[in-house]
Amino acid sequence: MNAKKDNTEDKILDAAQDVFIKKGMDGARMQEIADEAGINKALLHYYFRSKEKLFDAIFGRLIGLAFPRIGRVLQEDIPFVEKVEHVVDTYMDLLLKHPYLPAFIIKEMNRDRSLFFKLIEKYGFNLEFLFAIVQEAMDRNEIVRMKPEHLLVNVIGLCVFPFAVKPVISHVAFDDDKKATQAFYEERRVEIKRFVIRAIQA
């Protein structure tokens, strides 16, 4: 019985994730989520009594995909440059699997940013800890002197921006050729790491 319940809940969460990422909180409909999950609306409401509760579960699920992994990478006893490479790989793996995620997060942050910040705190993503790691790398002369805030924004921007404007890149650069567009995004991780490492290495 519990296995069946878990399976149904997973189906609902997978379906809701697809719908919420594509349409956001305001555009998603419970009936559409139920249809996507292959269940009736009454059963959906049995598991999640409201769209808000379901959205909170999905938002937390998506944030939880990346932040714990990145936190673990930052704590590894490896050179700083390797940490940067692992962080980029982790972030790009997530974005390649969920290309609509940046647009979804930006839209939902503009709608209610308090939820996003609460989830970041919940999953232990601590900016002070991150900045301390950058400072230690500078003190060891592993990387050039810089404001840690700029490094953070540069890495996130290089990873996220191409996904946030994916329809534009696909149309303008690749004439909506899906294979060429996908190849470009697969190449991004290599280019980002190369670009960042050249910029920061002492």
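Author: The model is predicted, with local features requiring pLDDT of at least 70, side-chain atom pairs counting only at pLDDT 80 or more, and totals for chains, interfaces and linings using all residues. Residues are numbered from 1 along each chain as its sequence is written, and side-chain values use heavy atoms, with hydrogens and water left out.

Reader: What makes the pattern of the chain α-α-α-α-α-α-α-α-α-α-α?

Author: Helices (H or I, at least four residues) and strands (E, at least two) are DSSP runs, numbered from the N terminus. The chain has 11 helices and 0 strands, and reading along the sequence gives that pattern.

Reader: Why is Phe20 called buried?

Author: The term buried applies under 20% relative accessible area, exposed over 50%, and partly exposed in between (1.4 Å probe, protein chains only). Phe20 has 0% relative accessibility and therefore counts as buried. This residue belongs to helix H1 (residues 2-27).

Reader: Which residues does Phe20 contact, leaving aside neighbours within four places in sequence?

Author: A contact requires heavy atoms within 4.5 Å. On that basis Phe20 is in contact with Met25, Ala28, Ile33, Lys51, Leu54, Phe55, Ile58 and Phe104.

Reader: Why does Arg189, a charged residue by class, count as buried?

Author: Its relative accessibility is 15%, so Arg189 counts as buried. Arg189 lies in helix H11 (residues 178-200) and touches Val88, Asp89, Met92, Asp93 and Leu96, not counting residues up to four places away in sequence.

Reader: How do you know which residues carry the label "DNA-binding region"?

Author: The label comes from an unreviewed UniProt entry, which lists residues 29-48; such annotations may be inferred rather than shown by experiment. In the model, the span is 75% helix and 0% strand, and its end C-alpha atoms lie 13 Å apart.

Reader: What makes the residues of the second largest pocket its lining, and of which classes are they?

Author: On a 1 Å grid over the protein atoms alone, a pocket is an open set of points where a 1.4 Å probe fits, with protein on both sides within 12 Å along at least five of seven lines; lining residues have an atom within 4 Å of a point. Pro99, Tyr100, Ala103, Phe163, Ala164, Lys166 and Pro167 line this pocket. Ala, Val, Leu, Ile, Met, Phe, Trp, Tyr, Cys and Pro count as nonpolar, Asp, Glu, Lys and Arg as charged, and the others, Gly among them, as polar. The lining accordingly has 6 nonpolar, no polar and 1 charged residues.
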